[in-house]
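The structure is shown below.

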There are 2 protein chains.
Amino acid sequence: MTSSPKYTVTFVGAGRLATQLAIALQNAGHRIMGIYSRTRLSADRLLRQLEHKSPIVVTNRLTDLPWTDVYIIAVTDTALTEVIVQWPQQAKDRVVLHTAGSLAMDMLKPISGHYGVLYPMQTFSMGIPVDFKEVFVFTESNCPTVQKVVSDLALSISNHVCELSSAARKHLHIGAVMACNFSNHLYEMAFNYLSEYGIPPDCLLPLIDETVAKLHRMSPHEGQTGPACRGDRRVLEEHLQMLDGHTLLREFYKLFSDSIAKSFA
Amino acid sequence: MTSSPKYTVTFVGAGRLATQLAIALQNAGHRIMGIYSRTRLSADRLLRQLEHKSPIVVTNRLTDLPWTDVYIIAVTDTALTEVIVQWPQQAKDRVVLHTAGSLAMDMLKPISGHYGVLYPMQTFSMGIPVDFKEVFVFTESNCPTVQKVVSDLALSISNHVCELSSAARKHLHIGAVMACNFSNHLYEMAFNYLSEYGIPPDCLLPLIDETVAKLHRMSPHEGQTGPACRGDRRVLEEHLQMLDGHTLLREFYKLFSDSIAKSFA
């Protein structure tokens, strides 16, 4: 059994995703040699979480980027445009990857002939380590060289690696926003609503856990429960009445109930 | 240490909730002595899942109900009204409980002077056993006698038992519908959307799992991620454009994004 290739890596960006990804790649045996961040504070924070086996260049100037096998740009979408405009001469035409679900691979064309995407589809929070093994990592590349690098990197941290085109990745991102960001907002609204009536919101947790646990055993359609899917007009009308003082919640309630009813019609 | 009192119980209804609750109560040492269901099929199915230590009356006629300490009515809200109208003389004024999150306790007044509610807040699916220990069970009663019975029953199956008024329980039910039924519908829409573009929807599962895992460690507001909460107008507009052919999804996307943005304004 041959061990998979190890790469030297520079991170452009030091936010939540960059931090978790840098730690995971270091744990997989790759060498993080550079960290760029607009603010030294974030770069230093990331540096503190890495092991220093060899010197790591920490900088807030792109012109200080070290020479490495791969450059991973993990910054917000807006910052990515700025980074591309300011990309330094000495790092031109190196293997460059971005990590954004919603941006086309070709964004990177102006700065290199060898570019690709490594998109770990997960929700990252500061301070909470993520087990990358179970995270789906989607890859894309403009040439076989990059495809090998991005596959090697992805497979070294995750058991779920798939190649996906820029177009498909955008659809995936919409699905992820709906399933993850929007459901989380539902939790926030439900928690706030219960708190308003003096009911501890934590009592929803077992219910939420079970709703998601069911997803591993059946389709969401099969697992659907509640007044809207059983067509319980009395409950639906009572709930809408009770939400009279909560204009926005009422709007959500109506949109969901109508949509669920349609799905079970 | 004295063991908690055991009761003889008749179930009116044999659906998902009745089935799981009957099994849990039997495991806790109570004796299920009667099962009523409008359809013999459901009643028989429930019967097959219980141990027969002593005879169990299985019937589709309310007038056949046996004489037991407690009658638990676990039917749909509409069916509950019918059951109350047809409640037989011989079971009048016994301890009667219903299990509905959305119905006032006083619904049961016409059939007994001793009534209450045992509401296990969970989403139940046929064939998948639920661990009641972690389910929040909300109780209510019209007199101390019933309060003792309903508390004994609830505490024998769950570690999370709370007394809650009918009014508060209705708010709780709205919160549960939002956090559970509506989030599940988001999953359905996201899964369908990905399938449409040939992306296996299962790749969303790690993301959904982590979103919910975070809820145990931080508030949903703290855990919110995505384009809407970071005010990423470019992504939001692109997504809305991509959803142009999906009128309903687009409506959801807009409502959620606006509401999340408001919550982070």
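A:Tyr119 is buried, its relative accessible area being 8%. The model is a predicted one. A:Phe138 is likewise counted as buried, at 3% relative accessibility.

Across all chains, the structure contains 15 aromatic pairs. In one of them, the ring centres of A:Tyr119 and A:Phe138 are 6.4 Å apart and the planes stand at 35°, so this pair is tilted. Because A:Tyr119 belongs to strand S6 (residues 114–121) of chain A and A:Phe138 to strand S7 (residues 136–141) of chain A, the pair ties together parts 19 residues apart in sequence.

A further pair joins A:Phe182 and B:Phe256; with centres 4.6 Å apart and planes at 5°, it is stacked. This pair crosses between chains, running from helix H5 (residues 166–196) of chain A, which holds A:Phe182, to helix H9 (residues 247–263) of chain B, which holds B:Phe256. Both A:Phe182 and B:Phe256 are buried. They also belong to one aromatic cluster, whose members include A:Phe252, A:Tyr253, B:Phe252 and B:Tyr253.

| Arginine | Tryptophan | Distance from the ring centre |
|---|---|---|
| A:Arg94 | A:Trp67 | 3.7 Å |
| B:Arg94 | B:Trp67 | 3.7 Å |

The same surface serves both copies, since 100% of the contact residues of chain B recur in chain A.

Conventions: Residues are numbered from 1 along each chain as its sequence is written. Chains are lettered from A and ligands numbered from 1 in the order in which they are written. This is a predicted model: local features need pLDDT of at least 70, side-chain atom pairs count only at pLDDT 80 or more; totals for chains, interfaces and linings use all residues. Side-chain values use heavy atoms; hydrogens and water are left out. Contact means heavy atoms within 4.5 Å. Rings of Phe, Tyr and Trp (its six-membered ring) pair if their centres lie within 6.5 Å; planes under 30 degrees apart count as stacked, over 60 as edge-to-face and the rest as tilted. Helices (H or I, at least four residues) and strands (E, at least two) are DSSP runs, numbered from the N terminus. Buried means under 20% relative accessible area, exposed over 50%, partly exposed in between (1.4 Å probe, protein chains only). A charge sits over a ring if NZ of Lys or CZ of Arg is within 6 Å of the ring centre and within 35 degrees of the ring normal.
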